[in-house]
Amino acid sequence: MARPEGVSFDSGSFKDPHGGVFFQGARVFRYLTPEGAASFQALAASGLLEKLSQKGSVIGAREVPPEEAAGLLQAVPGADLVVEHPRLPFISYCYEWPFKMLKAAALLHLEVLAAALERGYILKDATPYNIQFLGPRPVLVDVASFEPYREGDPWNAYSQFCRLFLNPLLLQALTGVRFQGWLRGSLDGIAPAELSRLLPWRHKLRPSVFLHVVLQTWLDRRAASADAADPGLMRRKISRKRVTRLVERVRSAVEGLRSGPSASPWARYDDENTYSEEARACKDAFVERTLAAQKPGVVWDLGCNTGRYSFIAARHAEHVVAMDSDPDAVDRLYLRARGGAPNVLPLVIDLLDPSPDHGWAQAERRGLSQRGPADLALCLALVHHLAIAGNVPLRHVVAWLARVARSGIIEFVPKEDPGAQSLLRWRRDVYPAYTQAAFEAALEERFQIIDQRALPGSGRVLYSLAQARPREG
Amino acid sequence: MFAHLSTALASVAGPGSSPYVDPTAGGILLQVVLGGITGILVLVRLSWRRLVAPFRRKRKATPANPEVDSPRGS
């Protein structure tokens, strides 16, 4: 059977046997098998989906009428129903979120789960990969996660919730170790046994840690053989009241977690940097003017710090993805975005080591470059970090930028600048090629420089870039 | 009942873990354990081998009854 034109499948949506996501052009659809379709239609009829969707907790899902769906269903043999979702401007993953965003996602999941249980439904999985952020607001995007709750069933996804939400949060809250690297290295999260080995006894005696980490670790070990000896033990009935009480207990544990005070100098960079007032005003005006003229759809603010320019961009762009390697700075930006910038999505991304393609077939979770290109990239006070601290030659920096963005605003920081000097303080200057002339030559290979402005009294220069014309020959 | 528990617990306390056990098993057992009195009984059941281990060692040391706790019995 021929696949309808322009249909492609989401490489990260294959685990659920009852449905999956596919695309046609810019539109996003979900197919549902007969079982998934029955579950979805019952859920829609119950009014729960509409209520959660109106509240913004769950993504919108419109049932595609049969005459329109018929063509799409040719792409998926065995599917019965197609629903359409609004397209998200950017897909992010839990290892790109700072502490407060993972916590917000965890609380959203538990809130939706509690509402579902009240109406006789349950979420069959508990993974942050089912949650996306629309700006700073989390939303559950997998409507196929809902299934009718069968009286006597346990919360089957409880362990998954612990591995992917609770344990990473506990790791950071109790030890100060950031969870992002671990979640990126292990898509299945942090097992209770692994976390238990890291925690000192004084933490293990906390009631929530004892229950969700210590006791669960012990029971995991017991289950390894108890399961084989007596499967009946695993099939004992659990009342809905007890499931609801466990959900509430977990919610209370998550609610009480704090990431601790920020020790990062970058979280205060905005207050303490060395720009003169005049240079700062000049830079702000250049960025604002360029953005206002271009009105880009999606802006990536690379090395955004606490987001000064992300918020300026938010006034002129539809969506801003603000990226920085410092989780504390991003946490701070997230709080500011929640306070009044609904189109700013803050993410923890180290551009020297950005998120890779990985997971099943190395396509389940997509690398940063695969999620572009942006309409415009802001690279302000960034290039010296990549070129001097990261040893990435200027030509490579610009070549990568041309892959991920159609246009840009970029700042050159000369070697004599106090910022660049502080990077050179503890290392030999092996960067003879780091010059403004070499930088401009690299830019001209990939972009058209449409405007530039020297910042008074600093030696720094801003460039506005547009996509280069296709080369001839 | 005691015989049933003993049979079940003989494998509960085995040193190796089955690679086929689902990682959610501990979480489901935990929900069983949280069920009040039933939960306490399940906990006791799961810990039975450890609870009786000291007594077993004592009996093993008695030469008059060498077959108790033989490898075949575990």
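Reader: Which residues make a nonpolar surface patch of about 260 Å²?

Author: I40(B), V44(B) and L51(B) make that patch. Keep in mind that this is a predicted model.

Reader: Where is L51(B) found?

Author: L51(B) is part of helix α3 of chain B, which spans residues 36-60.

Reader: What is the secondary structure of chain B?

Author: Chain B has three helices and zero strands. Along the sequence the pattern reads α-α-α.

Reader: What percentage of the residues of chain B count as buried?

Author: The figure is 30% of the 74 residues. As for surface, chain B exposes about 5,000 Å². Carbon and sulfur atoms supply 64% of that area.

Reader: Let us turn to empty space inside the protein. How do I read a cavity?

Author: Start with the general idea. Rolling a probe the size of a water molecule over the atoms shows where empty space is left. In this structure the count comes to three cavities of 30 Å³ or more.

Reader: What volume does the largest cavity have?

Author: About 50 Å³.

Reader: Which residues line the largest cavity?

Author: The lining includes P89(A), F90(A), G135(A), N343(A) and L345(A). F133(A) and L134(A) also line the cavity, as do H319(A), V320(A) and V321(A).

Reader: Which element gives the most to that lining?

Author: β11(A) does, with three residues. Strands β7 (131-134) and β11 (319-324) of chain A each supply at least two residues of the lining.

Reader: Now salt bridges. What is the general idea?

Author: Side chains of opposite charge can pair when their charged atoms come close. For this structure, the total over all chains is 26 salt bridges.

Reader: Which residue forms a salt bridge with R251(A)?

Author: E255(A) does. The closest N and O atoms are 3.2 Å apart. Both residues are in helix α11 (residues 240-255) of chain A. They are four residues apart, so about one helical turn separates them.

Reader: Why do R251(A) and E255(A) count as partly exposed?

Author: Look at the relative accessibility. R251(A) counts as partly exposed because its value is 28%. E255(A) falls in that class because its value is 35%.

Reader: Which side chain meets R395(A) in a salt bridge?

Author: The side chain of E445(A), with 3.1 Å from N to O. R395(A) lies in helix α17 (residues 394-404) and E445(A) in helix α19 (residues 436-446), both of chain A, so this pair ties together parts that are 50 residues apart in sequence. R395(A) is exposed, with a relative accessible area of 53%. E445(A) is partly exposed, at 31%.

Reader: What is the N to O distance in the salt bridge of R460(A) with D417(A)?

Author: The closest N and O atoms are 2.8 Å apart. This pair links distant parts of the chain, 43 residues apart. R460(A) is in the loop between β15 (447-454) and β16 (461-467) of chain A. D417(A) is in the loop between β14 (408-412) and α18 (418-424) of chain A.

Reader: Are R460(A) and D417(A) buried or exposed?

Author: R460(A) counts as buried, because its relative accessibility is 5%. D417(A) is buried too, at 4%.

Reader: Which residues are linked in a network of salt bridges?

Author: R27(A), R62(A), E68(A) and E84(A) are linked that way.

Reader: Let us finish with contacts. What does S196(A) touch?

Author: Leave out residues up to four places away in sequence. Then S196(A) touches K204(A), V213(A) and T217(A). S196(A) sits in helix α7 (residues 192-198) of chain A. S196(A) is buried, with a relative accessible area of 10%.

Reader: And which residues is S208(A) in contact with?

Author: V213(A) and A253(A), leaving aside neighbours within four places in sequence. S208(A) lies in helix α9 (residues 207-229) of chain A. S208(A) is partly exposed, because its relative accessible area is 23%.

Reader: How many Å separate the C-alpha atoms of S208(A) and A38(A)?

Author: The separation is 38 Å. Along the chain these two residues are 170 residues apart.

Key. Residues are numbered from 1 along each chain as its sequence is written. Chains are lettered from A and ligands numbered from 1 in the order in which they are written. This is a predicted model: local features need pLDDT of at least 70, side-chain atom pairs count only at pLDDT 80 or more; totals for chains, interfaces and linings use all residues. Side-chain values use heavy atoms; hydrogens and water are left out. Patches are made of residues with over 30% relative accessible area and no salt bridge: like charges are joined within 9 Å, nonpolar side chains (Val, Leu, Ile, Met, Phe, Trp, Tyr) within 5 Å. Accessible areas come from the Shrake-Rupley method with a 1.4 Å probe; for residues, only the protein chains shown count as cover. A salt bridge is a side-chain nitrogen of Lys or Arg within 4 Å of a carboxyl oxygen of Asp or Glu. Buried means under 20% relative accessible area, exposed over 50%, partly exposed in between (1.4 Å probe, protein chains only). Contact means heavy atoms within 4.5 Å. On a 1 Å grid over the protein atoms alone, a cavity is a set of points where a 1.4 Å probe fits but cannot get out, and a pocket is an open set with protein on both sides within 12 Å along at least five of seven lines; lining residues have an atom within 4 Å of a point. Grid points are joined across faces, edges and corners, and a volume is the space filled by probe spheres set on the points.
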